[in-house]
Amino acid sequence: MVMGLRRPSAARSLPLPGADPGETEAGTARIASWALALWLLLLTVAVVLLDALTGNDLPLIPLLVVLPALASVFCTVRQTTAVAVWVTLVVVGSRIASTGAFWDVVFLIGFTAVASALGVVACAARIRHATEVARLRSAAVALQRQILRPLPVVTRQVCAHGLYEPIEEDRFVGGDIYEVVQSPHGTRVIIGDVQGKGLPAIGTGFAALGAFREAAVREPELTAVADAVEDAVVRHNAFSAETGEDERFVTALLLDFDGGERVRAVNCGHLSPRLLCDGAASAVTLHRTSVPLGMADLSGDARAAEWIGFPPEAALLVFTDGVTEARDEAGAFYPLDERLRLWAGHEPDQVLNALQADLESYSGGVRRDDVAVLILSRPPDGGCAAMSPQGPASTSSSDQQ
């Protein structure tokens, strides 16, 4: 039944205001009614003709009871009911006209009616389950979007634009986090990725974000901010262990902007940023990478900060592994640095738009992780409310303290 099958995006009608698209799609038919009627008619004619040719020795009419079961997988309840009624009428009509034993006819008609009704019930159960899953998934994504600050974010030292695309499949929901906080010590930024998927990963991310928001304002040293987030993740893991959940760690990159030409960084097992400047792009080398947050007890070394260059016209691009670990059909990873070189010289908003579209095209629309990207630059004249995302692709230098 290939003819008439609809892609979900094509079959979906406009949802009612306030309705969730996932819930609307759950009850949408995957095969058009005209195509369903055509195939139903053709299959019925074929089975009836074969049944007439084989006679009473090999009755084939009972095979029609398979059709409501198949319809329950692809069709709406209304369509499945129509198929069930049609099959029941065909079986009743063909058996009444036959010369078989009375109780054989009654049994076949009863069996067909029960099997058809079960097909309708199965269709209703499938749609109800899909709707519930879509509702839970939407709630998880809504939680992610509510806890993360809307972009762009403007502070005295930084103009932060970015891209955030949470995966919207229940078992793949991830825990990518980011935050930009104006503090008495400058602008503090964190971008991180919680190990694992699902709602527990979101919970760990919330714990890390809450600790960062408080410590970023309170602590004068960036390493102390990282330690505070570490403590929060450890406490959350301890509680998770008591409730039977897995302990999780968080890879994170913390940055401290003070308005100068260098930025202080503490890397907790996260991906290195890219410095975008003068129409070229390159990776920033960080020499003091430490273990992820939540794993400090496994390392005897204290977390250390280092300086990276941040020229006046430059921008830093930071991201999670949803970007670099996106794959094409052949399984090759997304070539971020190669793409950034191609987009050098473009306007900042074009860089983000190009990255978003290219990721979608490269992966064929199939994603297995959240995508979070921030482009951090200096606000011109003390503000960037009317600016596009700042960050043409560029060369980077990294100065170790």
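**Cysteines.** I began with C277, which is buried at a relative accessible area of 7%; buried means under 20%, exposed over 50% and partly exposed in between, with a 1.4 Å probe and protein chains only. C268 counts as buried too, at 0% relative accessibility. I then searched the whole structure for disulfides (cysteine sulfur atoms within 2.5 Å) and got 0.

**Ground rules.** This is a predicted model, so I noted that local features need pLDDT of at least 70 and side-chain atom pairs pLDDT 80 or more, while totals for chains, interfaces and linings use all residues. Residues are numbered from 1 along each chain as its sequence is written, and side-chain values use heavy atoms, with hydrogens and water left out.

**C123.** Where does C123 sit? I found C123 in helix α6 (residues 102-147); helices here are DSSP runs of H or I with at least four residues, strands are runs of E with at least two, and both are numbered from the N terminus. C123 is buried, with a relative accessible area of 0%. Leaving out residues up to four places away in sequence, C123 touches S72, C75, T76, V77 and T80, where contact means heavy atoms within 4.5 Å. C123 and T76 are 47 residues apart in sequence, yet their C-alpha atoms are 7.0 Å apart.

**The sheet.** I traced an open sheet of 5 strands in the order β3-β4-β5-β6-β9, with antiparallel pairing; two strands pair if DSSP finds at least two bridges between them. β3 (176-183) and β9 are the edge strands, each pairing on one side only. On average, neighbouring strands are turned by 25 degrees against each other, direction ignored. For β3 and β4, I noted 8 bridges, and E179 stands opposite I190 in β4.

**Helices on the sheet.** α7 packs on the sheet through β3, β4 and β5, and its direction makes about 10 degrees with that of β3. α8 touches β4, β5 and β6, at about 155 degrees to β5. For these angles, axes are lines fitted to C-alpha atoms (for helices over the stretch in contact), and values run from 0 to 180 degrees between N-to-C directions.

**α8 in detail.** How far apart are the end C-alpha atoms of α8? I got 31 Å, which agrees with the 30 Å that its 21 residues (222-242) should span at 1.5 Å a residue; the expected span is 1.5 Å times one less than the number of residues. Among its buried residues are L222, V225, A226, V229 and V233. The buried residues of α8 pack against β4 (186-194), α7 (199-218), β5 (250-257) and β6 (262-268). Just after α8, G244 takes a positive phi of about 85 degrees.

**Aromatic pairs.** My search of the whole structure gave 3; ring centres of Phe, Tyr and Trp (its six-membered ring) must lie within 6.5 Å, with planes under 30 degrees apart stacked, over 60 edge-to-face and the rest tilted. One of them is F257 with F310, edge-to-face at 5.4 Å centre to centre and 75 degrees between the planes. F257 lies in β5 and F310 in the loop between β9 (306-309) and β10 (315-319), so this pair ties together parts 53 residues apart in sequence. Both F257 and F310 are buried.

The peptide bond from L151 to P152 is cis, with omega near 5 degrees. D278 is not a glycine, but has a positive phi of about 55 degrees. D278 is exposed, at 71% relative accessible area.
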